Amino acid sequence: QVQLVESGGGLVQAGGSLRLSCVASGRTFSTYAMGWCRQAPGKEREFVAHISWSGGSTYYADSVKGRFTISRDNAKNTVYLQMNSLKPEDTAVYYCVRGTSDSDPYEYDYWGQGTQVTVSS
């Protein structure tokens, strides 16, 4: 069983920054793609960012491209999401996810419990 534990969420003013972290249990972290998704109140869960197992390939939703950066440290079993120039519409619960494929950024098999990000205007 894989556990994903997110941290780093909080309240920030528009234009500010936050960095989310996700620590994964298990010895196979470095062999899986990872990603972040989010769900805003009253909306469906949506894809945010994806990173390949090596960290050499990344993919972003158009809504966050140029503002968010996903990265990973396989030695620490950790994936990060650096969020800059935050907007009120980025307010959501952010979930760390484990990918099933390096080439498909939309398929995941494990989810974390989520961390709340609130951006005030």
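## A walk through the model, from rings to loops

Let's start with the rings: searching the whole structure turns up five aromatic pairs. Here, rings of Phe, Tyr and Trp (its six-membered ring) pair if their centres lie within 6.5 Å, and planes under 30 degrees apart count as stacked, over 60 as edge-to-face and the rest as tilted. Before going on, keep in mind that this is a predicted model, where local features need pLDDT of at least 70 and side-chain atom pairs count only at pLDDT 80 or more, while totals for chains, interfaces and linings use all residues. Residues are numbered from 1 along each chain as its sequence is written, and side-chain values use heavy atoms, with hydrogens and water left out.

One of the pairs is Phe47 with Tyr106, an edge-to-face arrangement at 5.0 Å centre to centre with 70° between the planes. Phe47 sits in strand S5 (residues 46-51) and Tyr106 in the loop between S9 and strand S10 (108-111), so this pair ties together parts that are 59 residues apart in sequence. Strands here are DSSP runs of E with at least two residues, helices are runs of H or I with at least four, and both are numbered from the N terminus. Phe47 has a relative accessibility of 12%, so it counts as buried; buried means under 20% relative accessible area, exposed over 50%, and partly exposed in between (1.4 Å probe, protein chains only). Phe47 also belongs to a cluster, in which ring pairs link Phe47, Tyr59 and Tyr106.

Now look at Tyr95 and Trp111. Their ring centres are 6.2 Å apart and their planes are at 75°, so this pair is edge-to-face. The pair links distant parts of the chain, with Tyr95 in strand S9 and Trp111 in strand S10, 16 residues apart. Tyr95 counts as buried at 13% relative accessibility, whereas Trp111 is partly exposed, with a relative accessible area of 38%.

Next comes Thr91, in the loop between strand S8 (78-83) and strand S9 (92-99). Leaving aside residues up to four places away in sequence, Thr91 touches Ala40, Pro41, Gln116, Val117, Thr118 and Val119, with contact meaning heavy atoms within 4.5 Å.

On a 1 Å grid over the protein atoms alone, a cavity is a set of points where a 1.4 Å probe fits but cannot get out, and lining residues have an atom within 4 Å of a point. The largest cavity holds about 40 Å³ of space, and Val2, Ala24, Ser25, Thr28, Phe29, Met34 and Arg98 line it.

Finally, two loop residues. Arg27 lies in the loop between strand S3 (18-24) and strand S4 (34-39) and counts as exposed at 85% relative accessibility. Its C-alpha is 27 Å from that of Phe68, 41 residues apart along the chain. Lys76 is in the loop between strand S7 (68-73) and S8, and counts as exposed at 54% relative accessibility. From C-alpha to C-alpha, Lys76 and Asp62 are 29 Å apart in space, and 14 residues apart in sequence.

Notes. On a 1 Å grid over the protein atoms alone, a cavity is a set of points where a 1.4 Å probe fits but cannot get out, and a pocket is an open set with protein on both sides within 12 Å along at least five of seven lines; lining residues have an atom within 4 Å of a point. Grid points are joined across faces, edges and corners, and a volume is the space filled by probe spheres set on the points.
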